[in-house]
Amino acid sequence: MKKPAGTLFIVDDDAQVRRSLSRLLRACGYLTRTFASAPDFLAEHDPAVPGCLILDLAMPGMGGLELQEALATSSYRRPIIFLTGRGDISKSVHAMKSGAVNFLTKPVDIPDLTAAVEEALEIDAAERAAWLERHGAAERFATLTPRERQVLRHVVSGKINKQIAADLGTAEKTIKVHRSRVMRKMHAGSLVELVKLASLAGIPGSNAQQHR
Amino acid sequence: MTAPETLVHELRQPLTAILSNAQAAHRMLAAGSPDLREVREILSDIIACDKRAAGILGRLEDMLKTAAPKTRFGHGE
């Protein structure tokens, strides 16, 4: 028996398809959740929950490709397995180019479905680790005061306390205090770590290759 | 007006549900001590889906009958 490593989010406008796929995948040992439309899914989407999408390509209203697009611009792009008819070749190509994990033709057989699910869950686990790092760094950065953010930007650009103090018009001692608070709040054990975290959090100027 | 392609596409839905339902029941029975109420629900859904598929097929047949004889033997264009 396989170890389920995430939830399978099934989005299909057809109730019978939703129910049967959910039954089958639960019988295979997975956790499932079903949604009747793309907006229904988006309304409840929690990027922090591991798992992948099993998505109908052709739905009335917001279609599968539009949902894929919406996820691509959100904070976490969840892996997607598309279910479709054979006629949707051009759409399939578009979806694959946009990062879909797989494309299965309805009716879909167990081996194809479970193989695609395993692959999608593996991709989710790998991408999730990177996402958590980024997300964690950004969350910690958000706890800094405006002054601490200023100090952090100066620190990661390679300036020493004395320079920073002169730039910000304050005492070196004060900068030291800010700096240690920044290190603590960002959970950084060293300057190298702080630079990496700032880069993950998307702080401008933290990228060493960026020159003005 | 419904195009034949739309009906063909529509036919995939009950066929998908029938296959997944049957495979789910198969797994449940193989795993031992199946929830018989769920198996019964699955069988009811399979019957409903099959009837739905037959309905779509009927509409497709009507469409082919009303199509001009010329196009019946032609190949698309």
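In this predicted model, strand 3 of chain A and strand 4 (residues 80-84) of chain A sit side by side in the parallel sense, held by four bridges. One residue pair to look up is I54(A), whose bridge partner in strand 4 of chain A is I81(A). Getting from strand 3 to strand 4 of chain A, the chain passes through helix 3 (residues 64-72) of chain A, and this β-α-β crossover is right-handed.

Strand 3 of chain A has another partner too: strand 1 (residues 7-11) of chain A runs parallel to strand 3, with five bridges joining the two. Here T7(A) has G51(A) of strand 3 as its bridge partner. Here are the two pairings of strand 3 of chain A.

| Strand pair in chain A | Sense | Bridges |
|---|---|---|
| Strand 1 and strand 3 | parallel | five bridges |
| Strand 3 and strand 4 | parallel | four bridges |

Is strand 3 (residues 51-56) of chain A mostly covered or mostly open? Mostly covered: six of its six residues are buried.

Leaving aside residues up to four places away in sequence, I54(A) touches L8(A), F9(A), I10(A), L21(A), I81(A) and L83(A). The largest nonpolar core has 43 residues, and I54(A) is among those with the most contacts inside it, along with V11(A), L55(A), I81(A) and V117(A). Which element gives this core its largest share? That would be helix 1 (residues 4-30) of chain B, with six residues. Another core of 17 residues lies apart from this one, with F141(A), I175(A), A188(A) and A198(A) among its members.

**Where the chains meet**

The contact between the chains draws on 16 residues from chain A and 18 residues from chain B. On the side of chain A that touches chain B, helix 1 (residues 15-27) of chain A supplies the largest share, eight residues. Sorted by class, that side of chain A has eight nonpolar, four polar and four charged residues.

**Helix 2 of chain B**

Now for helix 2 (residues 36-66) of chain B, which has 31 residues. From its first C-alpha to its last, helix 2 of chain B reaches 45 Å, close to the 45 Å expected at 1.5 Å a residue. Its buried residues are I42(B), D45(B), I46(B), C49(B) and I56(B). What do the buried residues of helix 2 of chain B pack against? They pack against helix 1 of chain A together with helix 1 of chain B.

Notes
Residues are numbered from 1 along each chain as its sequence is written. Chains are lettered from A and ligands numbered from 1 in the order in which they are written. This is a predicted model: local features need pLDDT of at least 70, side-chain atom pairs count only at pLDDT 80 or more; totals for chains, interfaces and linings use all residues. A residue is buried if 20 or more other C-beta atoms lie within 10 Å of its own, exposed if 12 or fewer, and partly exposed in between; C-beta atoms are placed from the backbone. Two strands pair if DSSP finds at least two bridges between them. A crossover is right-handed if, with the strands pointing away from the viewer, the path from the first strand over the helix to the second runs clockwise. Two residues are in contact if their C-beta atoms, placed from the backbone, lie within 7 Å. Ala, Val, Leu, Ile, Met, Phe, Trp, Tyr, Cys and Pro count as nonpolar, Asp, Glu, Lys and Arg as charged, and the others, Gly among them, as polar. A nonpolar core is a set of buried Ala, Val, Leu, Ile, Met, Phe, Trp, Tyr and Cys residues joined through C-beta atoms within 7 Å. The expected span of a helix is 1.5 Å times one less than its number of residues.
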